[in-house]
Amino acid sequence: MTATDGPFECDTCDADVRFEEARRTKTMGGLDPATWQTLCCPHCGSRLQTVYVGD
Ligand SMILES: [Zn+2]
């Protein structure tokens with residue numbers, strides 16, 4: 001069990017976003033996109049959290 005399961009609360013629109021629902025984008029700052037992804041709110045597009053998705 002990791003901290004990437006969510007739900008993640010969006011500070012902008014108060015949505016509770018589950019991991020599967022979040023939009024995943026590449027991180028800023030050149031982290032490896034295979035292991036780090038930025039989760040974004042599917043409702044308003046705000047950045048929720050950067051999570052480790054590697055093994
Ligand atoms: Zn939102």
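Reader: What makes the radius of gyration of the protein chain agree with that of a compact globule?

Author: The model is a predicted one, in which local features need pLDDT of at least 70 and side-chain atom pairs count only at pLDDT 80 or more, while totals for chains, interfaces and linings use all residues. Residues are numbered from 1 along each chain as its sequence is written. The radius of gyration is taken over C-alpha atoms, and the globule rule is 2.2 Å times the number of residues to the power 0.38. For 55 residues a compact globule would have a value near 10 Å; the protein chain has 11 Å, and therefore the two agree. Along its principal axes, the C-alpha trace spans about 30 × 25 × 15 Å.

Reader: How many helices and strands does the protein chain have?

Author: The protein chain has zero helices and five strands. Both kinds of element are DSSP runs numbered from the N terminus: helices are H or I with at least four residues, and strands are E with at least two. From the N terminus on, the order is therefore written β-β-β-β-β.

Reader: Which strands form the open sheet?

Author: Three strands form the open sheet, in the order β3-β4-β5, with antiparallel pairing. At its edges stand β3 (23–26) and β5, each with a single partner strand, so one side of each is left without a neighbour in the sheet. The twist averages 35 degrees from one strand to the next; axes here are lines fitted to C-alpha atoms, for helices over the stretch in contact, and angles run from 0 to 180 degrees between N-to-C directions.

Reader: Why is P42 called partly exposed?

Author: A residue is buried if 20 or more other C-beta atoms lie within 10 Å of its own, exposed if 12 or fewer, and partly exposed in between, with C-beta atoms placed from the backbone. P42 has 14 other C-beta atoms within 10 Å, so P42 is partly exposed. P42 lies in the loop between β4 (36–40) and β5 (47–52).

Reader: With which residues is P42 in contact, leaving aside its neighbours within four places in sequence?

Author: They are V17, E21, A22 and R23. Contact is stated if the C-beta atoms of two residues, placed from the backbone, lie within 7 Å.

Reader: Why is G45 called exposed?

Author: G45 has 12 other C-beta atoms within 10 Å, and is therefore exposed. G45 is found in the loop between β4 and β5. In the hairpin of these strands, which has six residues between them, G45 takes a positive phi near 85 degrees.

Reader: Is D14 buried or exposed, and what is its count of other C-beta atoms?

Author: D14 is exposed, because 10 other C-beta atoms lie within 10 Å. The loop between β1 (8–9) and β2 (16–17) holds D14. Although D14 is not a glycine, its phi is positive, at about 65 degrees.

Key. Pairing = 2+ DSSP bridges.
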